[in-house]
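Here is a short briefing for a first look at this structure. Keep the sequence and the 3D view side by side as you read.

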Amino acid sequence: LNNFLQVISKNMRIGIDCRKILNPDTHEQAGVAHYTQYLLEHLLALDHTNHYTLFVDHLFKPLPKLKRTNSTVHVVPFSQYKRYLPFVYSHMLLAGELEEARLDLFHAPFPALPLRYKGRSIVTVHDMAIFHHPEWFPSVSKQLFATKVVVPRSIKHAAHIIAVSHATALDTQRLFQVPSNNITVIPEGVVLEEVLPSETSKRILEKFMLQKPYLLFVGTLEPRKNIPRIIEAFLRLRNNDMEFPYTLVLAGGKGWNNKKIFTALDAAEPWVRYLGPVSHEDKIALMSNATVFVWPSLWEGFGLPPLEAMALGIPVVTSNVTSLPEVVSDAALCVDPTSVEAIVDALQKVLYDKELRKELSQKGKKRAQQFSWEKTAQATLEVYSKTVGR
């Protein structure tokens with residue numbers, strides 16, 4: 001009996017904010033939703049001891065990998081008031097649910113804790129771009145409430161902070177004077193060796209009426225993704241070589257302030273194609289068949305898409321700023337994202353040098369092996385234990 005009580009006393013009651021996971025049927029989760037989904041799947045596969053309470057949106061569709069008959073997992077769906085009363089939804093109703101759950105630890109996968117909640121919490125910080133470039137984000141009033149109230153208060157109140165990269169950790173420390181021992185860097189993971197059958201891959205390319213060879217970008221079409229410069233660099237390559245065989249393919253959802261992006265895209269048709277949001281399977285097929293993955297983003301807290309392309313053996317051209325050099329190391333070509341000439345030069349090198357493409361493919365696969373969601377989940381669970389003191 002004593003041994004049994006000792007085991008029970010070590011079990012933690014962990015709550016995770018999963019409200020951003022809606023699991024749409026038409027396209028893959030991105031950003032925080034993607035991080036939360038994969039972390040959750042691997043946490044639950046790894047940990048059968050602790051008790052998990054998952055706070056989900058009422059539109060949440062259970063993910064296949066979460067359909068487990070496990071008594072240690074409890075799902076709390078809410079709330080129909082989200083659209084009409086967002087403040088009440090996020091800062092009052094959620095706080096009430098958290099208090100009722102009597103958690104040992106609440107994990108917010110982004111730095112936005114309910115203002116009313118006083119319990120022990122940790123937050124994950126993905127990037128602090130909004131503090132440096134508010135013009136990249138919509139709604140001034142919402143920005144001010146987030147940057148002046150919610151994020152600073154959440155960082156201050158959190159018992160511990162997870163950052164997805166060293167660049168993000170340093171940025172968070174500088175902005176909010178966070179002690180170094182109160183922040184842990186846990187990189188995101190990548191799904192390795194995810195190869196589709198050739199028939200499936202062929203069917204997906206045919207669905208999009210897409211033929212090889214092509215260059216690929218996958219991500220939300222928004223200002224910081226630097227898409228007008230990608231298009232300009234691509235068009236310069238075409239103008240320099242009348243027999244240039246490539247098209248440029250863009251895939252992803254329409255983000256905020258995308259007018260300049262679509263103006264550039266419209267002017268570049270038919271050599272530049274926009275496919276819209278894509279499913280996970282579509283993304284893998286598109287990446288696997290690309291000659292080069294081009295992703296010179298202006299700011300990233302981690303930068304998962306280049307790593308996904310590298311895991312599939314696709315050469316990558318990306319940025320030399322923020323977290324991206326840290327993630328790709330020497331396994332990709334890193335350029336100044338503000339220089340069209342630098343992007344052109346890097347693309348020329350990789351497109352016209354077969355041996356370089358082969359080298360980057362091999363290095364990329366090897367580099368991607370260092371990142372896995374299993375490692376992310378294990379390191380996160382260790383932070384949970386240390387924070388609670390168990």
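Where pLDDT is low, the predicted coordinates should not be read in detail. Across the protein, the mean pLDDT is 89, and 89% of residues reach 70 or more.

**The sheet**

- An open sheet of 7 strands runs in the order E3-E2-E1-E4-E5-E6-E7, and its pairing is parallel.
- Its edge strands are E3 (73-77) and E7 (183-185), each of which pairs on one side only.
- On average, neighbouring strands of the sheet are turned by 20 degrees against each other, direction ignored.
- Strand E2 (residues 51-56) pairs with E3 in the parallel sense, over 5 bridges.
- To find this pairing in the view, look for Phe 55, whose bridge partner in E3 is Val 76.

**Helices on the sheet**

- Helix H6 (residues 166-176) packs on the sheet and touches strands E5 (121-125), E6 (160-163) and E7.
- The direction of H6 makes about 165 degrees with that of E7.
- Helix H15 (residues 373-388) also packs on the sheet. The strands that H15 touches are E1 (13-17), E2, E4 (105-108), E5, E6 and E7.
- The direction of H15 makes about 140 degrees with that of E4.

**The cavity**

- The count comes to 1 cavity of 30 Å³ or more. The largest cavity holds about 60 Å³ of space.
- Its lining consists of Val 190, Val 191, Glu 194, His 280, Lys 283, Ile 284, Glu 308, Ala 311 and Leu 312.
- Helices H10 (280-289) and H11 (304-311) are the elements that give two or more residues to this lining.
- H10 supplies the largest share of the lining, 3 residues.
- By type, the lining residues of the largest cavity divide into 5 nonpolar, 1 polar and 3 charged.

**Backbone details in loops**

- Pro 213 sits in the loop between helix H7 (198-207) and strand E8 (214-218).
- Pro 270 sits in the loop between helix H9 (259-268) and strand E10 (272-274).
- Gln 177 is not a glycine, yet its phi is positive, at about 55 degrees.
- The loop that holds Gln 177 lies between H6 and E7.

Definitions and conventions
Residues numbered from 1 in each chain as written. Predicted model: local features only at pLDDT ≥ 70, side-chain atom pairs only at ≥ 80, totals over all residues. Heavy atoms only, no water. Pairing = 2+ DSSP bridges. Helix = DSSP H or I, 4+ residues; strand = E, 2+ residues; numbered from the N terminus. Axes fitted to C-alpha atoms, helices over the stretch in contact; angles between N-to-C directions. Contact = heavy atoms within 4.5 Å. 1 Å grid on protein atoms, 1.4 Å probe; cavity = no way out; pocket = protein on both sides within 12 Å on 5 of 7 lines; lining within 4 Å. Points joined across faces, edges and corners; volume = space filled by probe spheres on them. Nonpolar A, V, L, I, M, F, W, Y, C, P; charged D, E, K, R; others polar. pLDDT = per-residue confidence, 0-100.
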